[in-house]
Amino acid sequence: AQAGIHCCNCHGKRRLWIYMTALFDDDGSAAEVGQSRGRWLDESDFIFGGEDHQHDRASEIGPHSFPRDWPDVYEESGVLRSMLKKTGPCAAKRVSVVPNMSQDQIADVAHLGLRPLHSLCNAEAIQKHFGLAVIEGWALHDLLDDVTGAAFVAERYWWNSTADGKWVDYSPRAQNVGQLLLVEPLVSCPPKKPCILTVRHHQLGKHLLEMRFPNTRAAKTRSWSSQTVFNGKGVGSAVKHVRLGSAEMMHELSTRIEEDAALCEALVQNGVCAAAATHLRSRRLAAPAVRFLAAISTTTLKSELRKQVVTSFLLADGIGALLGLLAAADTVVATDAAATLSNFCFQALEVQECAADRGAIQLLIKLLKQRQPCGTAEACLALWHLQVGCPTNITAAAFEGAGEALLAVLENADSGLSARVNAAGALMMLVAAPGMQDELARLGAVVACCGIVADPTQPTHFRGQTAGTLMNLLSGHQENCCKAVAGGHEIIAALLEIIRSSGTVGLEAYAAGALANMVACGGKDVAKAAANLGAWQAFVGLISTSQSLIEVFAGLANLVQHVGLLNVEVDQDIIERAVVSLADECDPVCIQALTLCMNLAPKVSLKARLLKARAVEPLLDLLKSNNETLRERAAGTLANLLDGHAETVATVYMQAPNIAKRTVQALETEYLGTVQRELARMLAALASRRSEPLRKAGAIGILACLLQDPGSEAAGEAALGLMNLVLRGPEREKLLECGVVERLVRLLGDGRASGYAAGALANLAAGSAKVACAALSAGAAHALAKIIDDCKGRDHAGSESVMEWAVGALGGLAQHDGGGLVLAAVLDGGVLEPIMQMLLHNRGMGQELALFLVWSLREIEEKELRCELSGASEQLHRLCSKLSIGPLRDFAFRLTELC
């Protein structure tokens with residue numbers, strides 16, 4: 001918004017500038033929001049420099065002036081130099097101090113109607129009058145709310161140059177400013193284009209005018225106050241005037257409440273909202289009424305008065321009338337109606353549902369499709385607020401075609417920055433509608449969002465908000481992730497830049513979320529590229545910001561899942577923050593923190609640190625959650641933590657002595673197969689250290705039940721639990737009666753569970769003729785021989801253990817095999833050779849298990865043994881030296897003789 005000026009003669013004195021509060025367009029005509037066109041100042045015309053000032057807004061700027069301590073500050077201030085250097089935001093071609101014009105010079109151009117905050121129009125007028133060239137650049141001001149040389153603001157500015165290169169500036173200046181520091185840039189900014197005056201333009205101009213011309217503001221306030229004194233009686237009178245339809249009073253109140261919170265509260269308490277709402281259907285009063293409601297709903301948007309404002313508006317049945325104004329031919333009225341609607345819908349589900357039921361969504365989309373120069377930003381914001389927290393409205397907006405209309409605004413640079421930002425916000429909500437990820441991607445939303453996010457010339461807050469839309473477009477959608485990275489990894493670098501430098505918590509979170517989703521679905525290549533560009537460090541940098549924890553934990557978890565810990569150190573603070581976040585299962589952070597813990601738990605070096613953070617108890621508590629995903633990941637985390645590390649199991653028993661009982665109780669009530677599998681894996685890990693607590697808790701029975709269920713996803717892990725438990729005679733017989741042996745034999749044919757089933761059979765058959773006979777009758781011998789044959793020649797992880805378990809099981813069965821079934825299976829299956837290779841070359845328990853099996857196959861012919869033992873005398877002698885005195889050692893010596 002621009003402030004107008006006019007000149008006058010005062011008792012024969014020279015004509016001086018008198019600053020007025022009216023607004024004028026480029027032609028000098030009185031300006032109106034939503035109607036007048038002009039080249040208005042906006043936020044993009046200001047650049048702030050200095051620590052903690054980079055994200056300041058011009059509409060909130062404090063006192064500012066010509067740089068203090070000039071010219072010394074030019075050499076001494078690092079902030080000033082960084083702004084003016086060749087790589088700085090105001091890279092300077094020339095810098096000069098330009099003094100004020102003299103009174104005579106001002107008088108000479110008084111008839112040109114030069115206006116404050118309108119330097120471009122002023123410079124063009126001087127060019128036309130005097131023929132002086134127009135120079136475009138920056139006016140540099142010192143921010144007085146910081147120490148000298150610490151903070152500056154550059155304002156886009158135009159002035160003139162004489163034929164000899166001297167700079168002159170005729171634009172009216174702030175009071176008490178004797179000179180300006182002007183900067184001609186190396187690279188010119190894009191041309192300033194005329195646009196419709198918006199509320200934001202108006203607010204910015206008004207604020208700058210009041211900051212720079214405080215006497216004008218004081219005079220204005222005194223004048224207004226002299227007309228109306230708002231004591232208790234005055235407020236009631238004002239509300240009465242509103243109720244009676246005073247357009248003048250509504251206009252004055254719209255201006256006053258922006259600066260007077262006490263007045264605003266008093267008006268609300270006296271029922272002014274309902275009074276104004278009654279005029280929305282009036283042809284004469286609709287415009288001032290809706291403008292007043294827009295002002296009061298904006299002022300109370302985030303205050304305690306908001307609920308009362310919304311309630312009184314609803315009771316006055318204002319929604320229907322307000323929606324009628326959205327279709328008004330007067331675009332200003334339609335714009336104010338959209339702004340009012342967006343304010344009333346903000347975090348108000350009752351208003352959102354009521355407005356949607358009365359056709360608000362269709363009207364707003366129609367308004368967007370008209371592509372009017374004003375109202376677009378407000379319509380997009382209203383669509384955004386209508387959807388937040390309201391799934392039915394999201395679905396309705398998608399059905400009505402909001403996606404195409406909003407995307408058109410987002411992609412069109414002429415829509416205006418505010419409109420594009422609001423369109424990105426509305427699209428971010430809309431993506432949640434069923435099928436909208438695919439539909440918006442088909443319309444080109446992924447490519448468009450990536451283009452905006454990766455464009456460094458776009459304002460950071462616009463890029464950040466668009467990153468929020470991209471985040472939801474990519475969530476769980478591999479095809480969209482592929483589209484995002486199709487043009488290379490520039491989008492990853494752009495998202496990381498926003499995370500590191502936006503300075504706004506919400507925008508950092510959106511960029512982090514988009515990157516986390518990209519890593520989750522993009523696979524190892526994307527994850528590796530992100531890690532190499534510093535994604536881990538960028539995520540960790542946000543760990544102190546509670547609003548970003550969801551995205552931080554998700555991003556870190558996805559990186560660990562796909563590329564592990566590539567040359568990064570996991571700080572204990574990350575682990576502790578993740579564990580603390582497990583305490584509240586209703587907090588959305590919980591599930592992402594849990595996922596990170598689950599992915600970190602298999603790392604041996606991090607097990608002790610998770611235990612140090614006391615992760616076990618909150619994980620056990622989550623096993624009782626009603627949320628299936630939380631239960632699954634809590635069980636998975638505990639299983640990963642316990643698996644393959646005896647020291648960790650021992651520590652867990654000390655930290656949670658009742659863990660066996662709590663795990664069994666969780667299994668008894670669990671119905672989800674994936675959770676059952678992880679719980680059974682927990683029991684197996686616990687059994688590897690101590691069997692007695694599991695026995696007392698009833699683990700054997702629950703594991704047997706899992707095995708008996710033909711469709712159980714946890715059968716393999718249940719078999720592993722039985723393999724690790726130290727079983728007693730009665731327990732073996734009870735399992736035999738329950739049919740567990742037959743079930744284990746069937747599992748021998750299951751590639752995923754065969755090894756665990758073989759180990760469990762070996763454990764059950766040890767010393768039990770009944771179990772051995774039952775297993776042999778069920779066909780265990782040939783099934784075990786097939787496992788050994790399948791493992792022959794494999795070198796992948798786990799095959800050696802599976803083969804050892806199968807050999808051990810065959811050895812146990814052979815002890816009670818009166819019919820030669822084991823020998824027949826070994827010979828018919830052609831697995832004597834791999835068994836003998838294990839005997840001769842295995843360095844661990846497998847060697848003794850193979851020896852035991854061969855010893856148990858007493859019917860085997862010596863000539864067959866001689867053939868397999870050729871040249872193995874040295875290996876057998878080494879084996880003999882390790883064995884205790886007994887029949888097995890004697891048999892080993894006999895084998896050495898056969899060599």
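Buried here means under 20% relative accessible area, exposed means over 50%, and partly exposed is whatever falls in between (1.4 Å probe, protein chains only). The model is predicted, so local features need pLDDT of at least 70 and side-chain atom pairs count only at pLDDT 80 or more, while totals for chains, interfaces and linings use all residues. Residues are numbered from 1 along each chain as its sequence is written, and side-chain values use heavy atoms, with hydrogens and water left out.

**View 1**
D142 sits in strand 7 (residues 133–143); strands (E, at least two residues) and helices (H or I, at least four) are DSSP runs, numbered from the N terminus. With a relative accessibility of 0%, D142 counts as buried. Its side chain makes a polar contact with the side chain of R68 at 2.9 Å. A polar contact, for the record, is a pair of N or O atoms within 3.5 Å; within protein, one must be able to donate a hydrogen and the other to accept it, and residues adjacent in sequence count only if both atoms are side-chain atoms. Leaving out residues up to four places away in sequence, D142 touches P63, H64, S65, F66, P67, R68, A151 and F152, where contact means heavy atoms within 4.5 Å. Take P63: it is 79 residues from D142 along the chain, and the two C-alpha atoms are separated by 8.6 Å.

**View 1. A cis peptide bond at P71.**
Most residues other than glycine have a negative phi, and most peptide bonds are trans. The bond from W70 to P71 is cis, with omega near 10°. P71 lies in the loop between strand 5 (64–65) and helix 1 (72–76).

**View 2. Helix 12 crossing helix 14.**
Two packed helices are described by the angle between their axes and the distance between the axes. For helix 12 (residues 306–315) and helix 14 (residues 331–345), the axes come within 10 Å and cross at roughly 120°. Those axes are lines fitted to C-alpha atoms, for helices over the stretch in contact, and angles run from 0 to 180 degrees between N-to-C directions. The crossing of helix 12 and helix 14 is left-handed, the term for a near helix turned anticlockwise from the far one by less than a right angle (clockwise would be right-handed). On the helix 12 side, R306, V309, V310 and F313 meet N343, F344 and C345 of helix 14. The residues of this contact divide into five nonpolar, one polar and one charged. In that sorting, Ala, Val, Leu, Ile, Met, Phe, Trp, Tyr, Cys and Pro count as nonpolar, Asp, Glu, Lys and Arg as charged, and the others, Gly among them, as polar.

Side chains of opposite charge can pair when their charged atoms come close. A salt bridge here is a side-chain nitrogen of Lys or Arg within 4 Å of a carboxyl oxygen of Asp or Glu, and the count by this rule comes to 29. In one of them, the side chains of R291 and D336 meet at 3.2 Å, N to O. R291 belongs to helix 11 (residues 286–299) and D336 to helix 14, so the pair ties together parts 45 residues apart in sequence. D336 is buried at 9% relative accessible area, whereas R291 is partly exposed at 34%.

**View 3. Helix 35 and the E617–R662 salt bridge.**
E617 forms a salt bridge with R662, with the closest N and O atoms 2.9 Å apart. That pair links distant parts of the chain: E617 is in helix 32 (residues 616–622) and R662 in helix 35 (residues 659–669), 45 residues apart. E617 is partly exposed at 33%, while R662 counts as buried at 18%. The buried residues in helix 35 are I659, A660, R662, T663, V664, A666 and L667. They pack against helix 32, helix 34 (646–655), helix 36, helix 37 (692–697) and helix 38.

**View 4. Two residues with positive phi.**
Q347 has a positive phi of about 55° although it is not a glycine. It is found in the loop between helix 14 and helix 15 (349–357), and at 67% relative accessibility Q347 counts as exposed. R614, also not a glycine, has a positive phi of about 60°. The loop between helix 31 (604–612) and helix 32 is where R614 is found.
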